[in-house]
Amino acid sequence: MYILTAMAIWISAIVVYGVFWLWYCGFKGKLSGAEVETYMVRFESVGVSADALANLRHFMEKDDGREWFMVNVLQLKTPKRDSAKLLQTYTKKFMAGMIKRGGHFFFIAIAAAKNIENLNCEHSDNWTSAGIVRYRSRRDCAEILMNTFGSDHHADKLASLVKTFAFPATTSLLMGSPRVLVAMGLALLAALAHIGVLS
């Protein structure tokens, strides 16, 4: 009986982690050429600018199938309280689509001072905040952007900002990935349950 209970504990932990992995990592792989072309047609149909289209095409054609992160820096309009409310309205709707696709905020920070160092970007100062958002895949990004560009909530974001920039990045070093943290947490819970069975 003890052996069966212990096995059930560890098998349950493995199953739970497997479900988490499917949600957080996905299983569809890299974008195909046909998928890229389909998305490009859809982006063009909602009025994405030529420069943004070129960047999106390059980004999707170079898909490596891995997770990636969007680095965002923002400056809110004055009065900042009203602009922050508009930005929150956008963020709630945007993140609702992100979470179901394994996306989430990875880092959020409020600016503590103006730029400490400038190199040919003297007019890029007075930032309000910075954030990093984790995406499960470039396919998920394309789907989310299709529901964002031209939407009312995206208009709220644009209306709240003096300026912003956002660029995609892949990691060469990542500390504290949820894949590891969730695995460690489940292993700890399973171990404690196992010890409880022994006592």
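**Backbone exceptions, a helix pair and the cysteines**

Asn120 sits in the loop that joins β2 (104-110) to β3 (129-135); helices (H or I, at least four residues) and strands (E, at least two) are DSSP runs, numbered from the N terminus. The model is predicted, and local features need pLDDT of at least 70, side-chain atom pairs count only at pLDDT 80 or more, while totals for chains, interfaces and linings use all residues. Residues are numbered from 1 along each chain as its sequence is written, and side-chain values use heavy atoms, with hydrogens and water left out.

Most residues other than glycine have a negative phi, and most peptide bonds are trans. Asn120 has a positive phi, near 60°, without being a glycine. With a relative accessible area of 70%, Asn120 is exposed (buried means under 20% relative accessible area, exposed over 50%, partly exposed in between, with a 1.4 Å probe and protein chains only). The loop between β2 and β3 also holds Asn126. Asn126 is not a glycine, yet its phi is positive, about 60°. Its relative accessibility is 38%, so Asn126 counts as partly exposed.

From Thr78 to Pro79 the bond is cis, with omega near 0°.

Two packed helices are described by the angle between their axes and the distance between the axes. For α4 and helix α6 (residues 152-160), the angle is about 150° and the axes are 8 Å apart. Axes here are lines fitted to C-alpha atoms, for helices over the stretch in contact, and angles run from 0 to 180 degrees between N-to-C directions. α4 is therefore roughly antiparallel to α6, since angles over 145 degrees count as roughly antiparallel, under 35 as roughly parallel, 65 to 115 as roughly perpendicular and the rest as oblique.

In the contact (heavy atoms within 4.5 Å), α4 contributes Ser83, Leu86, Leu87, Thr89, Tyr90, Lys93 and Phe94, and α6 contributes His153, His154, Asp156, Lys157, Ala159 and Ser160. By class, five of these residues are nonpolar, five polar and three charged; Ala, Val, Leu, Ile, Met, Phe, Trp, Tyr, Cys and Pro count as nonpolar, Asp, Glu, Lys and Arg as charged, and the others, Gly among them, as polar.

The whole structure has zero disulfides, a disulfide being a pair of cysteine sulfur atoms within 2.5 Å. For Cys25, the closest cysteine sulfur is in Cys141, 17 Å away, which is too far for a bond. Cys25 is partly exposed at 22% relative accessible area, and Cys121 is partly exposed at 29%.
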